[in-house]
Every structure is written in structure tokens, then in C-alpha cells.
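How does one begin to read a folded chain when all of it is in view at once? Please look over the picture before reading on, and keep it beside you as we go.

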Amino acid sequence: MPKTDEEILAVITPQPLRRGLAVGMMGALGALVLTVAAERPPQSPAFLIFLILFGAGALFLAWRLWQASAITLELTREELREAGPDGRLLCRLDNVMKVERGLTAFKPANGFVVRLKEPGSRVYAPGLWMRSGRRLAVGGVTSGAEAKSTADLMNVLLVQRGQAGG
């Protein structure tokens, strides 16, 4: 679906330091587990297989985190989406029921949660956003100030449309 020349109201850009720390920690965990499996293999073959799969999984997740967190998110009057020509649609604003970012909201670090009216497909961009059913969580390696202003702006747009939920 081609993007139109809509006005971009807010941008969420992953922070380089947070991104590097997240990828570094996940990569270090994978390397550490694989090192333990190689240098001091356990007696049980099942546990050795578990260590190898866990270490490889952590390295794979670090690689996916690096890829996913290279993307910027954009908010327009109609949608929240990934930037770029191949950017995925996170949600359309006419499908948003409520935006939560308070202390009691179950949300990612430096982020917010969007409750959707209609469930969407399950998508996971590690460290940046995740959608599962009627819940869209944005945050992780993002700037807290950018996420806060985007969530507040989404709430303002919902009030203007008269579709804000309580």
C-alpha cells in the first residue's frame, strides 16, 4: 500500500545508546550460554541441546533486535506506522479505543499501550513494538519523551474525532 504525502505529526526514533545496550546484552547472553555449553558441557545431552538452542536463540534475537530497532515510527492524522516505503502499519486511528501510558499500564519501558477495537495480526519487532490481538505496545529502546508526546498526541486526535474511550 503506497504512502500518501500526509503530514507527520510525531516521530519515535530508537535511541542509539539504548539500542546498542539492548543488542549488546542479548548478544552477550547468547555468547555466554554457548561458551558454557562448549567449555563445560553438562552430562545430560538434553541439557546440552537446551543450552545450545538457548544461546543460538539469544544471538538470533539480538540480530532481530538490531534490525527492528533501526526503524523510525511515524504518527499521522490517520495512522501510526513504520517509516519508509516498506513500513508496516501499526494501527489506524479509527481502530484505536484507548491509549494508555500511566504508571499502572502494562507497557514496555519508555512506551505506551494502544487498545484496539478490532484485533490485528500478531507482529513482533523486538525492542520497538509488538501487536497481539487488540493490544499494541510501543516502546523499549525508544525515547521516553518522544513516546510520551506521541501517546498524548494520539489521545488529542482521538478526542478531536470523538472516539476516545474511558
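**A walk through the chain**

F47 is partly exposed, having a relative accessible area of 40%, where buried means under 20% relative accessible area, exposed means over 50%, and partly exposed lies in between (1.4 Å probe, protein chains only). The model is a predicted one, in which local features need pLDDT of at least 70 and side-chain atom pairs count only at pLDDT 80 or more, whereas totals for chains, interfaces and linings use all residues. Residues are numbered from 1 along each chain as its sequence is written, and side-chain values use heavy atoms, with hydrogens and water left out.

The secondary structure of the protein chain comes to three helices and seven strands; helices (H or I, at least four residues) and strands (E, at least two) are DSSP runs, numbered from the N terminus. Read from the N terminus on, these elements follow the order β-α-α-β-β-β-β-β-β-α. Along the principal axes, the C-alpha atoms of the protein chain fill a box of roughly 65 × 30 × 30 Å. Of its 166 residues, 36% count as buried. Among contacts (heavy atoms within 4.5 Å) between residues at least 6 apart in sequence, 62% join residues at least 24 apart.

Let us now return to the aromatic rings. Rings of Phe, Tyr and Trp (its six-membered ring) pair if their centres lie within 6.5 Å, and planes under 30 degrees apart count as stacked, over 60 as edge-to-face and the rest as tilted. Under this rule there are three aromatic pairs. One of them joins F47 and F50, which are stacked at 5.9 Å centre to centre with 20 degrees between the planes. Both residues belong to helix α2 (residues 45–68), where they stand three residues apart, about one turn of the helix. Another pair, F60 and W63, is tilted, at 5.7 Å centre to centre and 45 degrees between the planes. F60 and W63 are also three residues apart in helix α2, so about one helical turn separates them, and W63 is partly exposed, with a relative accessible area of 46%. F47, F50 and F54 together form one aromatic cluster. A charge meets a ring as well, for R19 lies over the face of W66, at 3.6 Å from the ring centre, where the rule asks that NZ of Lys or CZ of Arg be within 6 Å of that centre and within 35 degrees of the ring normal.

Which residues of helix α3 are buried? They are A147, T150, A151, M154, L157 and L158. Seen down the axis of α3, its buried residues fall within an arc of 120 degrees, so they line one face of the helix; the arc is that of the directions from the helix axis to the C-beta atoms. The exposed residues A145, V159 and Q160 sit on the face turned away from that buried side. Among the elements covering the buried residues of α3 are β1 (10–12), β2 (73–75), β3 (79–82), β4, β5 (96–100) and β6 (112–125). Just after α3, G162 takes a positive phi of about 75 degrees.

Strand β4 (residues 89–92) holds C91, which is buried at a relative accessible area of 4%. Leaving aside residues up to four places away in sequence, C91 touches E79, L80, V96, V114, L116, L136 and M154. E79, found in strand β3, is buried too, with a relative accessible area of 5%. Its side chain makes polar contacts with the side chain of R81 at 3.0 Å and with that of R92 at 3.2 Å. A polar contact is a pair of N or O atoms within 3.5 Å; within protein, one must be able to donate a hydrogen and the other to accept it, and residues adjacent in sequence count only if both atoms are side-chain atoms.

Finally, consider N95, which lies in the loop between β4 and β5. N95 is buried, with a relative accessible area of 17%, and its side chain reaches the backbone nitrogen of E118 at 2.8 Å.
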